[in-house]
Amino acid sequence: MPGQKQDVSDTHRTMQVVNHITSLIENGSLQPGDKIPPEREFARALKISRASLRTGIGYLAAMGVMKVRHGVGTFVAEGPAQFGKSSFSLMGALHGFQPWQMFEARVILESNLAALAAERGREEHHTALAEEVAEMYAAVDAPSEYLIHDVLFHRIIAQASGNPILAALMETITSAMYEKRRKTAERSRDLRESAEMHREIYRAIRTRKPEEARSAMEQHLRMAETAQGLERPASKQNGQGVAKRRNSPHKTTSA
């Protein structure tokens, strides 16, 4: 189908950008803090459109590899964004980490990060969160773009918590889950409910209500887990006796 061919082509161009920048980092051509070439120049060098370049950079920004400073440029992120993602992935393969276990870890970490953000967050964090919520509402009909702002929203909360160790642990887990989230986000049909839940989390943090922030984050993640249809043992289903949660076309899949 023409639409499917277009999607494959777009994905290929996005990964072309991701792979190119990744190789420059791996061979040392790009160092932490370095600024990448201007958009027009970089797109011409890669022989792709500027739109495809922006998507690729957005992907890398969501993964914590790049840092976009509006009006200044795009830079390679400084400092370790996560604890050994490759080692974490290897441990997962060796010990059989399950998606539901990863999500359970996310719920425990992020609900408490949200509470800490409500206690410790500064005005700059509140402003950044508000901007990401606005971007999510603007992208409810563009799942891939929505996911980028979703990831950035959660990252800002981790930063606002004031605990870089917990933030790094969260980054490792969410980065390991990103590819699956990207694929499920592409199948999302209605992200407005998800955007509204993010707005509630933001409001609780801005008004410095830790318990409300914790509760709103946990509710959001539990709903996202259900929407993504993650499998878990029946004993873990709160007595429901259901070994598999089925995905509904009307549910949101981003978190």
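User: How far apart are Glu 218 and Arg 222 in helix α10?
Analyst: They sit 4 residues apart in α10, which means about one helical turn lies between them. Helices here are DSSP runs of H or I with at least four residues, strands are runs of E with at least two, and both are numbered from the N terminus.

User: What do the side chains of Glu 218 and Arg 222 form?
Analyst: A salt bridge, 3.8 Å from N to O. The term covers a side-chain nitrogen of Lys or Arg within 4 Å of a carboxyl oxygen of Asp or Glu. As for the model, it's predicted: local features need pLDDT of at least 70, side-chain atom pairs count only at pLDDT 80 or more, and totals for chains, interfaces and linings use all residues. Residues are numbered from 1 along each chain as its sequence is written, and side-chain values use heavy atoms, with hydrogens and water left out.

User: How many salt bridges in the whole structure?
Analyst: The search finds 9. One of them pairs Arg 50 with Glu 39 at 2.8 Å, N to O. Arg 50 belongs to helix α3 and Glu 39 to helix α2, so this pair ties together parts 11 residues apart in sequence. Arg 50 is partly exposed at 32% relative accessibility, and so is Glu 39, at 27%.

User: And what about Arg 122, what does its side chain pair with?
Analyst: Glu 124, in a salt bridge of 3.2 Å, N to O. Arg 122 is partly exposed at 45%, while Glu 124 counts as exposed with 51% relative accessible area.

User: Switching to Glu 132: where is it, and is it buried or exposed?
Analyst: Glu 132 is in helix α6, residues 123–138. It's buried and has no salt bridge. The nearest side chain of opposite charge is Lys 67, 8.7 Å away. For charge, Lys and Arg count as positive and Asp and Glu as negative, while His and the chain ends are not counted.

User: Which side chain does Glu 132 have a polar contact with?
Analyst: His 149, at 2.8 Å. A polar contact is a pair of N or O atoms within 3.5 Å; within protein, one must be able to donate a hydrogen and the other to accept it, and residues adjacent in sequence count only if both atoms are side-chain atoms.

User: Which residues does Glu 132 touch?
Analyst: Leaving out residues up to four places away in sequence, Glu 132 touches His 149, Leu 152, Phe 153 and Ile 156. Contact here is heavy atoms within 4.5 Å.

User: How far is Glu 131 from His 149?
Analyst: Their C-alpha atoms are 9.2 Å apart, with 18 residues' separation in sequence.

User: OK, α3. How long is it, and what does it reach?
Analyst: Helix α3 covers residues 50–62, 13 residues, and reaches 18 Å from its first C-alpha to its last. That's close to the 18 Å expected at 1.5 Å a residue, where the expected span is 1.5 Å times one less than the number of residues. Its buried residues include Leu 53, Ile 57, Tyr 59 and Leu 60. After α3 comes Gly 64, with a positive phi near 85°.

User: Where does Lys 47 lie, and what's its phi?
Analyst: Lys 47 is in the loop between α2 (39–46) and α3. Its phi is near 60°, positive in a residue other than glycine. Lys 47 counts as exposed, at 77% relative accessibility.

User: What about Arg 208's phi?
Analyst: Near 55°, also a positive value in a residue other than glycine. Arg 208 is in the loop between α9 (192–206) and α10 (210–227), and it's partly exposed at 41%.

User: Last one: how many helices and strands in the chain?
Analyst: There are 10 helices and 2 strands. From the N terminus the order is α-α-α-β-β-α-α-α-α-α-α-α. Of the 255 residues, 43% are buried.

Key
Buried < 20%, exposed > 50% of the residue type's maximum accessible area, 1.4 Å probe, protein only.
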